[in-house]
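Here's a quick briefing to read with the model open in your viewer.

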Amino acid sequence: MSKLAGKVAVVTGSGRGIGAAIATRYAQEGAKVVVTDIDGDNANAVAERIKAHGGEAIAVTTDVSRKDQVDALIQATLDAFGAINVMVCNAGKVRDAVKHVLEADVEFFDSVIAANLRGHYMCSVAAAHHMARNGGGVIITTSSGGATRAHRGMTAYDASKGGIEALTRALALDLAPYNIRVVGLVPGLIAPDDAPPEALGKTAATVPLQRAGKSEDLAGPAVFLASDDAAYVTGSFVVVDGGVLFQQRSPEIETFPVTNFPTLS
Ligand SMILES: NC(=O)c1ccc[n+]([C@@H]2O[C@H](COP(=O)([O-])OP(=O)(O)OC[C@H]3O[C@@H](n4cnc5c(N)ncnc54)[C@H](O)[C@@H]3O)[C@@H](O)[C@H]2O)c1
């Protein structure tokens, strides 16, 4: 496993969940990894775990909505590893981004946009300044099914994710001549690390592949997009959702439920 040997990768929001799974897998693939999160203790724990398994990692505490902290993240990466080849923008407000639009105020909207869309913009552009002067690189954004189909109670979140998809395409055009690819992951129904089994079962019933997603399900696609195997891929998205986004009917109202599918011997 050495698809990312010699690469330096920054993964934002990698103190837990999808980001932690991507950072861990990147290190297994030979990358030097910057584990960064607004929760510094979590970032430290992930970096220590990577090192305990023989990988190379540092932890940096960063709030991606703060320009001074994003600049400090870039500097800390260059000080430690001398380059930035891959920037994975994964950090975002997810669990605390749920509020009915009639109960939310503009401060709530701004806080979600700041962590998600503004955070993506600042991390991407800060990395691009370095990459454009040093032969190129890869920027990976993290969208959601909410960019194209709405979640109840997640107006600000869905607006941020729609913005992230537009940002991904626009950055890909501006940065292509500098050998910088900009691509997106679209996760769907990925269970949090601490999800109770009954929640996993409920989710599984709505997914064509019949199970809730795991954070690790994003790791392989994230390796592919960062690697030279994806050298001609830019401005597009990989949907990692077990088939949720393309299904027309929810299983609750399905006229031909999975239970009626043929049993094969
Ligand atoms: N889990 C899913 O089903 C799902 C579905 C679609 C999209 N996503 C996207 O995937 C990404 C990761 O989601 P997750 O499920 O692992 O969520 P999570 O809440 O487990 O992890 C998000 C991480 O981002 C960090 N974070 C939040 N705000 C930050 C900030 N301002 N600066 C730096 N770090 C910050 C958190 O501390 C946390 O460690 C998010 O962008 C999310 O929108 C997740």
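**Around the ligand**

In the side chain of Y157, an N or O atom sits 2.5 Å from an oxygen atom of the ligand. Keep in mind that this is a predicted model.

*Ligand contacts*

- The ligand is surrounded by 23 residues, and the closest are R16, D37, N90, Y157 and I190.
- D37 places a polar side-chain atom 2.5 Å from an oxygen atom of the ligand.
- K161 also brings in its side chain: one of its polar atoms lies 2.9 Å from a ligand oxygen atom.

*Helices α4 and α5*

- Two packed helices are described by the angle between their axes and the distance between the axes.
- For α4 (residues 106-132) and α5, the axes come within 9 Å and cross at roughly 15°.
- Angles under 35 degrees count as roughly parallel, and therefore α4 and α5 are roughly parallel to each other.
- The crossing of this pair, α4 and α5, is right-handed.
- On the α4 side, the contact residues include F108, F109, V112, I113, N116 and L117, and also H120, Y121, S124, V125 and A128.
- On the α5 side, look for A156, Y157, A159, S160, K161, G163, I164, L167, L171 and L175.
- Sorted by class, the residues in the contact of α4 with α5 come out as 15 nonpolar, 5 polar and 1 charged.

*Helices α1 and α7*

- Helix α1 (residues 17-28) packs with helix α7 (residues 219-226) at an angle of about 55°, and their axes are 9 Å apart.
- That angle makes α1 oblique to α7.
- The crossing of α1 and α7 is right-handed.
- From α1, the residues A21, I22, R25 and Y26 meet A219, G220, A222, V223 and A226 from α7.
- In this contact of α1 with α7 there are 7 nonpolar, 1 polar and 1 charged residues.

*Loop residues with positive phi*

- N179 is not a glycine, yet has a positive phi of about 60°; look for N179 in the loop between α5 (155-175) and β6 (180-187).
- Q210, another residue other than glycine, has a positive phi near 70°, and Q210 sits in the loop between α6 (197-204) and α7.

Technical notes: Residues numbered from 1 in each chain as written. Predicted model: local features only at pLDDT ≥ 70, side-chain atom pairs only at ≥ 80, totals over all residues. Heavy atoms only, no water. Axes fitted to C-alpha atoms, helices over the stretch in contact; angles between N-to-C directions. Helix = DSSP H or I, 4+ residues; strand = E, 2+ residues; numbered from the N terminus. Parallel < 35°, antiparallel > 145°, perpendicular 65-115°, else oblique. Left-handed = near helix turned anticlockwise from the far one by under 90°. Contact = heavy atoms within 4.5 Å. Nonpolar A, V, L, I, M, F, W, Y, C, P; charged D, E, K, R; others polar. Near = heavy atom within 4 Å. Polar contact = N/O pair within 3.5 Å; in protein donor to acceptor, adjacent residues only side chain to side chain.
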